[in-house]
Every structure is written in C-alpha cells, then in structure tokens.
Amino acid sequence: MSVLIRGARLYGEGDPVDVLVADGLISAIGSVEPPEDAEVIDAAGQVLLPGFVDLHTHLREPGREDAETIETGSAAAALGGYTAVFAMANTDPVADNAVVVEHVWRRGRETGLVDVHPVGAVTVGLNGEKLAELGTMAKSAAGVRMFSDDGHCVADPLIMRRALEYSTALNAVIAQHAEEPRLTVGAQAHEGEIASRLGYAGWPASAEESIVARDCLLAQHAGARLHVCHVSTAGTVDVLRWAKNRQGPGFISAEVTPHHLLLTDERLATYDPVNKVNPPLRTGGDAARLRAALAEGVIDCVATDHAPHPVQDKDCEWAAAKPGMLGLQTALSVVTETMVATGLLDWRGVARVMSERPAEIAGLPDQGRPLVTGEPANLVLVDPDAAWTVRGAELASLAANTPYEGMRLPGVVTLTLLRGRITAREGKIG
Amino acid sequence: MKHLLATDGLEPALATAVLDTADELKRTLLGREVRKLPTLRGRTVITLFYENSTRTRVSFEIAGKWMSADVINVSSSASSVSKGESLRDTALTLAAAGADCVIIRHPASGAAQRLAGWLDEAGTAVVNAGDGMHEHPTQALLDAATLRERLGTLDGRRVAIVGDVLHSRVARSNIHLLTALGAEVVLVAPPTLLPPGVEALPVTVSHELDAELPGVDAVMMLRVQAERMHGGFFPSAREYSIAYGLSEQRLKMLPEHAVVLHPGPMLRGMEIASAVADAPSSAITEQVRNGVHVRMAVLYHLLAGEDEK
C-alpha cells in the first residue's frame, strides 16, 4: 500500500512536486507515476510539512475519561496534523511510575492515530516533595525522556536541582510549569489593570519569570536540560534570551501555546471561564513579544497545552472553574493567523516550531525529519488559503471548551500521515 | 434596568434616577407609622447569600418588605459550591420556583454576572450584593445618596477612599460611581493595598493621609479585611492604624463640612477611632438608613420601573 501526494509544495516553497510514500517512508519525490496500488491524493499546490509534534497535551486518561480519552485525544491530534504528542502526567492515578506510563503508551499504540509519548511526573503524586522513579520510567517500555509536574511547579529549589542533576544520566529533559506558588495564592487572572477592574486575584508575571530565572541557573550548574512550558510573559522572553546566550545551545528550550499568541486578558470581562487558563491570558504587549520571540527562536516551539474539561467544570462561576482550553485541532490555524499571516514565519518556520524543534527537544528520532527520500513519512498537508469556523461541538475531543468558538481562522489541515498511513483526511479520521 | 451588576458602565443618568427615587421614597415614608407601600405586591424577591452578611441582607429584606414583595432568604456556605449543587442549578431552581429577582452575594468575582447570563431567558432580575473583590453597586449607590444629602451635590466634590482598596468591592463600585457623578476620588493606602494597574483608574493615589485630609469633602474609611489577607500586606495593625487610621486628631484636619463614611462593619480603634465613628461629621448610621431606601429604589427600577422597558 502506498500513497501518492500529487502536486504538493514542500514547505510551501518552489513548484509543486509529487511525493510517493511507501512502507512508511518517503520513497520518491519529483514527478512520479502512481504505482498500481497507490492511493492518489491531489494536493493542488497545498503545503506539505513534517507531521507536528506536541510537547504538551492533556489526554486525561486514566481518570477523567469524561473529559477526554487517549482515543478521542488521538483523533483530535491527527485531525490537527500531529503525528506525535506528549501526554502530561497529571492523570488520576498520576503518571509517576512505570505502570501508568506503560499503560498510556500502550493505549496510544492500540489507538494508532498518533504516537502517544507519556510524560513522567518529576515528583511522587505531583506533590513536589519526593522524586518519582525517573529511572524506572525511562527504562520502561514507554521509554520516558520528558518529565514534568505540569499543572504544578516544582517549587522547592532543592527538589528541582536534584531532578535536573538526576535527569542528566537518563538523557532526559525536565519540563517546568513555572509558577512560584507563594506569589499565586488564589490567583485567577493576569495581574494588571483588567484583573483589578474585574476583581480577580492577580497572577503576577514575576511568579513565572522568577522561577524561569532560577531554573535556568540551576540547569546550568547541573549541566542539565530544562524545557520551559507555556511561556506567557515578555519578561520570561528576556530571561530566556539571557540564559540561552549564557549557556549555549542544547540546554534551555521553551514553548509557547497558541492561545498565548492570539488571546489576551481583554477577553475576561465576560467572566466566562472558557477563557480561564494557567498561566493566564496576558496583555497584548506580552502576546506581541511572544510572537516575536517565537519567530526569532528565543522560544523554540509551539505546544498546545490541550486541556479538555467537561461542561460542568466550565459552566460555573470563574473561581470554581478548572483552568485550560482545547488546542490540538486549532493550533495550526492559530499559528497561521498569528505567525504566517503576519509575515513573522514562513512555512519552513512553521515546520521548525511545530515539528522539528519539538522533536529535537524530546529526542524523537523519527519525527520532525526533513522532507527527503528515505525519511519516515510522518507528514501533514495544509491548505494555506482555506479558512474554517471553529465549533467546539464539532471537534473530536469529548470536551468542547475551545476559546475560539465561532472564530473564523485560516489554515486547514487536509491530510495527516503517520509512518505512511493516513490518519486524517479532509477533517475525518482515517 | 434589567439587572444591577456593577457601577462600572452604569449610565450616570440612570444612577441619578435611582438616587432620586430613593430620595422620594425616603420623603414618602418619613414619619409614617406604617411603612409599607403596595408597589411590589405579588412579586417574589430572593436573597441568595454565599457569604455572611448582616447589614446588606437585612437592608435588602426590609427594602423588599416595605414594598410589599415576598422576600425569601436563602443561605449557602461558600464551600457547598464545590461539593454540592452548582450555582447555575441553584439559579435555575430559584427562577423556576418563581423568583422575580435574585439578590446574590458570592465570594467569586463575576458570580452575579454569570447568574444574570443563566437567568436571562427566565427574565429574572439579578442584583449584585457583592461579588468577590469585584463590585458592590448598592453600597456605592447608598454612599452616593448619603453624600448627596450631606453635600448637596457630588459634582466637583473630592472624596478620599482610605485603606484596603485592593480587596474592596466597595471601593471599586465607589470609584466608578462617584467619578461618573462628577466627584474626584483620591485613594489613600499603602502600596501593598492598592490594586495593580491603579493608574488606569480615574483616580489619584496618595500614601499620606494627613496631606489629603484638608482638601477633601468626604472621607470613606474601608474596613481592613483581615479574612481576605494572605498575610504581610503591612507590618502590624498598630503601624497601619498610625498611618491610615482616622483618629480624633485627624478628624480636626478635615474641613468643617466634611463627611465621614464607613461601609461597615467597623473595627473601632483600628481604621477608625470610636469617637470619630460617633462624631457629628460621621454619617455611618445614615448610610445604613439610606441603604434601605436605595435598595427599595433599585427593586422599583428593576421590577416596576418604566425606564428601558
């Protein structure tokens, strides 16, 4: 079984070419006559990119299968153009041991729509007190190489130092949710004019920036690799620039979410918790700096922080609502809107921030690869000229908590291939 | 007026109309032995309080009863929100049971606005009786009524709001309403008790109470909300009292016509000296008295008024 993608523009550059995929690999590029058994896809000049890699996904299984399952989350990922996702550890039970991470990994394989890589917890129960068995999780069938207490910050500097040091023997990366908890007690929204007017307890930028600065120093002293989750403030960009200059490449990496690129705290006046997320939506000034930093490479990649919540956890008063937003199926479109349409990134740049860099950070050998003959056929085809209107109820996730409800966004994923197999086509699975 | 959720964005003309109605009601009831008007007979008003309150709840209840509405009080501890029935279900239940108006106090900012959204279809009016650190619009209206009574007008008058502005919904509602009605507002507080981004508000800011007192027509003392404090906003109660408390000496620094307000409950000896609270320039009990008339006026405009219909 082979697939011939006819007339695609690789990275949106040059003349359209045919790409033949067979046995899970790109087997020919150029002007290709279709083999007899080949399924032919007419790309009509659409943009072909390496499949996207999401370093930050909440699939909610095990524990909150009313919000999302590995199956529904995998479907959302495939429809969003992803060929690999990293499932965060804040499940119930927590993914802080080999049993849970192997379960998640196996369920991902069974579903087969996207490579599901479990993220292991840094500390037992995400409590921030005692290191989880990082080595056992690394050596398990899941082969965990990324650890995070995401949702919680590893706030104790000694625990963070030990985690960073210990991870160096595992060739792993520690992904930090940077939030100094003493500065965010009761916090509900970005600390500033709007939160003050609306009566939200503030989540100050300094709570993120101070932890990022501390962790960059700890990582440097440990010779360890640190990944900063969901960067949300202009100040964090400055800290990252300084730390990366100081430490050289390969040690510090960072991600930004689509929602922090597009949305701001101006949206909070409705008190609708669909806009509640952690870290919170910041100011327009922050969003502009995040976009520039992503274009420049100070922020390495886009990660969704896809966070499904059932309706009862959002259809309530703001303070009682759970933080988080859906993201897998809207990420490409938001990046198209904020980065491509604005001229900040070309499609080669999109490949870098949504596929190549996240694959490098996570150490995935078969993802984010160049579009050349012989490479694994993890691919996504994007129609750059199409647009669509987001409807939460129509997304593949069980939950519907998209902040983009009713918005018309550019950039449509028309085809996703995982190792040569079609996982999503024209908005449908398989 | 469909709901009263905030003074932020409240039309000055509408606010003035409510205040005028309150004045009229006050005059009507003055000296009457039977203080009961038939205006809201057959209407059902429910107070839904998720926080403790004496004066606000009693004031709303009396306001409703003096207008012949059926008033029902529902209490719920804030903790039951996370464990038990959702706010939305409670709201829909009350509407289905026949509430014409729900008066809500809730620890979450925005709770009243959410409630109004859920009850829009049922046509139930919502009054915000205090939501988290956001607003307490009827308090601001009764403060404005009291100041109007004492000072004649608010236009061009200067009001100092002193104390824990950061956590105060009373302060937020007053800032918007007083400035909309033409007053100048100066906030006097230590930097740790001012809201971040305060420079965006139409106010001036001072950390020196003594410097402000001679130039104001009214001073509004805020309670130091100990229960909201996560600690460390100021070094000690004593230092706070010395720097920001309204002592008898400070009372003498005010112009003779100046009015002293406090939304209550007071911490005598902390933010306000006992003798000051009871001094002739203090309008604290008048605030409570006016509170009933203002809330009657609010219910009238929501349930019986002709404006915006």
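**View 1. Helix α6 of chain B on the sheet strands β8 and β9.** In this predicted model, helix α6 (residues 137-151) of chain B lies across β8 and β9 of chain B. The angle between α6(B) and β9(B) is about 165°.

**View 2. The open sheet of chain B.** Five strands of chain B form an open sheet in the order β7-β6-β5-β8-β9, and their pairing is parallel. The edge positions are taken by β7 (204-206) and β9 (259-261) of chain B; each has a single partner strand, so one side of each is left without a neighbour in the sheet. From one strand to the next, the twist averages 20°.

**View 3. Pairing of β5 and β8 in chain B.** Strand β5 (residues 158-162) of chain B runs parallel to strand β8 (residues 218-221) of chain B, and 4 bridges join the two. Within this pair of strands, V162(B) is found opposite M221(B) of β8(B). Strands of a sheet pair through backbone hydrogen bonds.

**View 4. Helix α7 of chain A and its two sides.** Helix α7 of chain A covers residues 234-247, 14 residues in total. From first C-alpha to last, α7(A) reaches 20 Å, close to the 20 Å expected at 1.5 Å a residue. The buried residues of α7(A) are T236(A), V237(A), V239(A), L240(A) and A243(A). Viewed down the axis of α7(A), these buried residues fall within an arc of 165°, so they line one face of the helix. An α-helix has 3.6 residues a turn, so residues three or four places apart point the same way. N245(A) and R246(A) are exposed on the other side of α7(A).

**View 5. Surroundings of helix α7 in chain A.** The packing partners of the buried α7(A) residues are α6 (205-222), β13 (226-228), β14 (252-256) and α9 (284-296), which belong to chain A. Just after α7(A) comes G248(A), with a positive phi of about 80°.

View 6. The largest nonpolar core has 130 residues, of which L48(A), F147(A), L240(A) and I299(A) touch the most other members. Helix α11 (residues 347-362) of chain A gives the most to this core, contributing 7 residues. Leaving out residues up to four places away in sequence, L48(A) touches I5(A), A8(A), R9(A), L10(A), V19(A), A43(A), L371(A), L379(A) and L381(A).

Note on methods:
Residues numbered from 1 in each chain as written. Chains lettered and ligands numbered in written order. Predicted model: local features only at pLDDT ≥ 70, side-chain atom pairs only at ≥ 80, totals over all residues. Expected span 1.5 Å × (residues − 1). Buried ≥ 20, exposed ≤ 12 C-beta atoms within 10 Å, placed from the backbone. Arc of directions from axis to C-beta. Contact = placed C-beta atoms within 7 Å. Pairing = 2+ DSSP bridges. Axes fitted to C-alpha atoms, helices over the stretch in contact; angles between N-to-C directions. Core = buried A, V, L, I, M, F, W, Y, C linked by C-beta atoms within 7 Å.
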